[in-house]
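This report covers helix packing, a pocket and salt bridges in one model. The terms are defined where they come up.

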Amino acid sequence: MARKILILGASYGSLLGTKLLMAGQDVTLVCRRSTADLINAEGTEVRIKLRDEAEQRAFRSQDLPGRLDAQAPGEVEPAQYDMVALAMSEPQYGSTDISALLKRVAAAKRPCLSIMNMPPLPYLQRIPGLDAGALLSSFNHPSVWEGFTPGLMSLCSPDPQAFRLPECGANILHVGLPTNFKAAAFEDQEHTALLRELEAAVDAVTVDGKDVPVKLRVFDSLFVPFAKWSMLLTGNYRCVLADGARPIKDAVHGDIELAQQIYETIGKIVVGLGAEPADQVPFAKYAKAAEGLLKPSSAARAIESGAAEIERVDMLVKLIADQMDLSIAALDQVVETVDGRLAKNRSLAGRPAA
C-alpha cells in the first residue's frame, strides 16, 4: 500500500518527492499557489545523471507510479498523511502561512523528517546533555517549533545538491551532486520502521536495469546527519566574505591546511556530542568533492542577493562549542563575518537589527 507523504517545499523537496514517486508512494508538495498550479498542471521534472552515463535523465512525475499533487499551505491537513518532510530553509518557516501549517503539523502528531541543514529545535532537544534552550539565538524564528514532540522529529542530512535552472520553470530541478539522504531514527520504533520501509522501496528502484542515485539511508545514530556540519563550516559559510563571495572550491582549497584544521575541529565537536568517529566523512573525500563545487554556496548567494535571514548553522555550532568550553577562532570569524553581512543587508532594507 502506498504511503502518503507531505513535503513542505517544492524546490529541494521535489528531489525526495521524485524518489518516493519512483518507489510508488504518494506525495503532496507544499508551495506557493502559483507553483502549486504549475505542478498540478504539468507535474515535476527532476534531472539526475545515472552512473556511467554522460547525460542527465529527466524523471517526470506524470510518468512515475506514485501520485503527486501540490497544495498551498492553507489547504493542507497534516493528519491525512503518514509522514511529513520539512524541506524548506529555516527562515521560511517564519512566514505567516507556513508557521500556521507547522502548528497543525505539531498538533497532528505525525512523524516529521527534517531535510534542513539547520536541525529543528525539537531534534536538538533529543541530544543528551545539550542545552537546546541556549541555542535559540541561532534560529530566525524559534517560536515556530513550540508544540512539537521531540521524539516525533528526525533529521535527514541534505547531502545531495540540487537546484532550479534559471531558464526553466519552477517545477524543474537539476541534481548536481547525487549523493544520499542520511536520516536518523525516530524515537518510536514504529515510525523508524516507516522510514526503513521507504528506504527499501527507494533502494529497489531501477531504470533500464540500472541503479538510480540519491538513496534514503536510515541510521540508528542521532549524529550521522551532523557530519554535514564540518562541510558547511569549512566550505559553505566560508564562501561569505566581508566584501563579496567566493566559490566553495576556493574556500576549501585556497588554504587547504586551514580548511582541514577547521573540518577536523568541527568533527571533534560532533564526536563530543556523542557521535562515533566512523560516522564522520573523511576530509580527503570532502576536499575531493569540493574541487567540483565552482559556485558560492546558497548561503553566500542569498547574502549577495540582499537576504536579511539565512540558516545559521555557523552560529549554532559556535553556541554548541561554547557549551563545551571550546574556543575556535576560525569559527568565531565565520560567525562575525556572516553577522556583519546580514546586519548590512537589514540596514539597506530598512529593517531593525536582529
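## Packing of helix α11

The buried residues of α11 pack against α4 (121-124), α6, α8 (256-273) and α12 (329-348), where contact means heavy atoms within 4.5 Å. Helices (H or I, at least four residues) and strands (E, at least two) are DSSP runs, numbered from the N terminus. Helix α11 spans residues 313-323 and is mostly covered, with 8 of its 11 residues buried. Those buried are V313, D314, M315, L316, V317, L319, I320 and A321. Buried stands for under 20% relative accessible area, exposed for over 50%, and partly exposed for values in between (1.4 Å probe, protein chains only). Just after α11, D325 has a positive phi of about 60°.

The model is predicted: local features need pLDDT of at least 70, side-chain atom pairs count only at pLDDT 80 or more, and totals for chains, interfaces and linings use all residues. Residues are numbered from 1 along each chain as its sequence is written, and side-chain values use heavy atoms, with hydrogens and water left out.

## The second largest pocket

The second largest pocket has a volume of about 460 Å³. A pocket is an open set of points on a 1 Å grid over the protein atoms alone, where a 1.4 Å probe fits, with protein on both sides within 12 Å along at least five of seven lines; lining residues have an atom within 4 Å of a point. Grid points are joined across faces, edges and corners, and the volume is the space filled by probe spheres set on the points.

The lining of this pocket has 18 residues, and D159, T179, M231, V281 and K285 lie nearest its centre. Helices α6 (228-236) and α9 (283-290) are the elements that give two or more residues to the lining. By class, the lining has 9 nonpolar (Ala, Val, Leu, Ile, Met, Phe, Trp, Tyr, Cys, Pro), 5 charged (Asp, Glu, Lys, Arg) and 4 polar residues (the others, Gly among them).

## Salt bridges

The whole structure has 23 salt bridges, each a side-chain nitrogen of Lys or Arg within 4 Å of a carboxyl oxygen of Asp or Glu. D159, from the pocket lining, pairs with K182, the closest N and O atoms being 3.8 Å apart. D159 lies in the loop between β8 (153-157) and β9 (161-163) and K182 in strand β11 (residues 181-184), so the pair ties together parts 23 residues apart in sequence. D159 is buried at 12% relative accessibility, while K182 is partly exposed at 23%.

R33 and D37 form a salt bridge (3.0 Å, N to O) within helix α2 (residues 33-42), 4 residues apart.
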